[in-house]
Amino acid sequence: MNSEKISGVQLASLMFMIVISTALLLIPGITAEKAAESAWLSVLIALAVGIVNLMLIYYLGKRFPKLTLPEYAEILLGKTLGKVLTFCYVLFFLIISITVLREFTDFLNMNLMPETPPYVFQTGLMIVAAYAVVKGIEVIVRVNQFILPLFILSLAILLALAVRDMDLSNLQPFLDKGVLSVVDASLVPIAWFGQIVILVFLFPKVNQAEDILKNGIFGIIAAGILLTFITVATLTVFGPEYTGDMYFAFLYLAKYIKFITIQRLEFLVIFIWVSGIVVKVAVMYYLETMTLVRMFSLQSKKYVLLGLALLNIILPNLLFESPVDVGHFLKNIWPFIGLTFELLIPGLLLLLTVIKKKKVGRTIEKTTEKTPF
């Protein structure tokens with residue numbers, strides 16, 4: 001059995017990176033389009049729901065401390081339905097990874113190498129991610145810990161330099177479009193925060209499960225506060241109308257900032273974006289691979305790795321023809337997919353554990369199978 005272990009702090013750091021790495025460029029524009037100058041409030045609503053989501057996932061995991069979702073889904077739903085649900089989660093993680101890969105490609109094509117074919121970027125990233133998956137989740141979280149301080153420092157520098165150009169009057173009038181517009185705008189960041197659902201697959205790997213909730217809440221609050229500041233900075237510099245029209249709004253903020261004679265500080269955003277993307281794709285690729293290996297009781301994961309790599313390289317370009325398609329998906333489709341797998345399904349599984357408490361308890365005691373993750 002794979003005996004990899006990670007700490008509660010490492011898991012919280014990973015959840016922070018999973019949320020913030022892609023949200024920082026896209027969320028300000030998406031929320032501003034719907035909630036205008038009150039977009040920052042949508043992020044705070046998402047933060048609050050994210051904490052509730054973490055608590056739900058945590059208490060579900062506490063009832064099955066040595067099992068992952070693929071295992072206790074079969075206990076709660078039966079073998080067939082459990083495997084169907086597990087496969088749906090593989091597709092869910094695949095959707096995340098191919099969307100992120102398309103965002104990654106669009107970012108590099110639009111800002112660095114417009115003539116380079118998308119497959120070049122995607123293949124290169126998947127090679128790095130495959131190497132990380134082979135090395136295991138411990139290596140991935142350690143790489144994340146190395147990147148994280150540099151990631152936060154780069155963001156802090158950019159936000160600090162943006163202060164001189166902020167105009168707080170751009171945050172008025174408060175709730176001009178109404179409360180419902182803010183709630184509607186919050187659905188996308190709520191689905192983004194909900195990606196902490198990776199915890200249901202990694203719970204048994206944490207050394208001390210009692211540290212998960214405390215450290216996890218800290219990680220989510222940190223991501224939420226940082227994303228709120230990023231949204232406020234973008235709104236106050238450009239105004240809600242221009243922010244809502246921008247695809248990579250925070251990148252344009254970095255391009256706009258000047259520090260004495262230093263301009264074009266977007267290289268910091270490029271570093272932040274690429275490093276975060278590598279970690280996020282590696283985690284999703286790891287979960288896709290190891291879940292399929294467990295489902296089909298495979299002795300080797302090399303063919304699964306290869307097959308998933310090909311899907312992650314081919315599908316982003318087949319499903320999304322342009323950044324406009326990605327934006328439409330994130331605004332109108334992703335929230336429903338995300339909330340289903342991040343809130344609804346874990347909530348129903350937790351409810352089932354309460355209803356079947358005695359029966360589930362006896363089943364767990366008899367279960368000798370351990371997670372292969």
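Tutor: Let's start with a charged pair: Glu74 and Arg294 form a salt bridge, with their closest N and O atoms 3.0 Å apart. This pair links distant parts of the chain, since Glu74 is in helix H3 and Arg294 in helix H12, 220 residues apart. Before going on, note that this is a predicted model, where local features need pLDDT of at least 70 and side-chain atom pairs count only at pLDDT 80 or more, while totals for chains, interfaces and linings use all residues. Residues are numbered from 1 along each chain as its sequence is written, and side-chain values use heavy atoms, with hydrogens and water left out.

Student: What counts as a salt bridge, and what is a helix here?

Tutor: Side chains of opposite charge can pair when their charged atoms come close. The cut-off is a side-chain nitrogen of Lys or Arg within 4 Å of a carboxyl oxygen of Asp or Glu. Helices are DSSP runs (H or I, at least four residues), numbered from the N terminus.

Student: Are Glu74 and Arg294 buried or exposed?

Tutor: Both are buried. Buried means under 20% relative accessible area, exposed means over 50%, and partly exposed is in between (1.4 Å probe, protein chains only). Glu74 and Arg294 also belong to a network of salt bridges together with Lys83.

Student: How many salt bridges does the structure hold?

Tutor: Six. One of them joins the side chains of Glu33 and Lys331, at 2.6 Å from N to O. Glu33 lies in helix H1 (residues 8–35) and Lys331 in helix H14 (residues 323–355), so this pair ties together parts that are 298 residues apart in sequence. Glu33 counts as partly exposed because its relative accessibility is 39%, and Lys331 is partly exposed too, at 25%.

Student: Which residue forms a salt bridge with Lys34?

Tutor: That's Asp184, and the closest N and O atoms are 3.9 Å apart. Lys34 is in helix H1 and Asp184 in helix H7 (residues 179–193), so parts 150 residues apart in sequence are tied together. Lys34 comes out as partly exposed at 21% relative accessibility, and Asp184 is partly exposed with 35%.

Student: Which buried residue has no salt bridge?

Tutor: Take Glu71, in helix H3 (residues 69–77). Glu71 is buried, yet it has no salt bridge, and the nearest side chain of opposite charge, Arg294, is 4.3 Å away. For charge, Lys and Arg count as positive and Asp and Glu as negative, while His and the chain ends are not counted. A polar atom of the Glu71 side chain does lie 2.8 Å from the backbone nitrogen of Thr68.

Student: Let's move on to rings. How many aromatic pairs are there?

Tutor: A pair of aromatic rings is described by the distance of the centres and the angle of the planes. Rings of Phe, Tyr and Trp (its six-membered ring) pair if their centres lie within 6.5 Å; planes under 30 degrees apart are stacked, over 60 edge-to-face, and the rest tilted. The structure holds 16 such pairs. Phe92 and Phe93 make a tilted one, 5.6 Å centre to centre with 55 degrees between the planes, and both are buried.

Student: Why is the pair of Phe104 and Phe121 edge-to-face?

Tutor: Their planes are at 85 degrees and the centres 6.4 Å apart, so the pair is edge-to-face. Phe104 sits in helix H4 (residues 79–111) and Phe121 in helix H5 (residues 118–135), 17 residues apart. Phe104 is buried at 6% relative accessibility, as is Phe121 at 9%.

Student: Which rings are linked into a cluster?

Tutor: Ring pairs link Tyr89, Phe92, Phe93, Phe201, Trp334 and Phe341.

Student: Which residues have the most contacts inside the largest nonpolar core?

Tutor: A nonpolar core is a set of buried Ala, Val, Leu, Ile, Met, Phe, Trp, Tyr and Cys residues joined through side-chain atoms within 4.5 Å. The largest has 123 residues, and Tyr89, Phe93 and Ile198 have the most contacts inside it. Helix H12 (residues 266–295) gives the most to this core, with 16 residues. Another core, of eight residues, lies apart from it and has Ala35 and Val182 among its members.

Terms used
Helices (H or I, at least four residues) and strands (E, at least two) are DSSP runs, numbered from the N terminus. A polar contact is a pair of N or O atoms within 3.5 Å; within protein, one must be able to donate a hydrogen and the other to accept it, and residues adjacent in sequence count only if both atoms are side-chain atoms.
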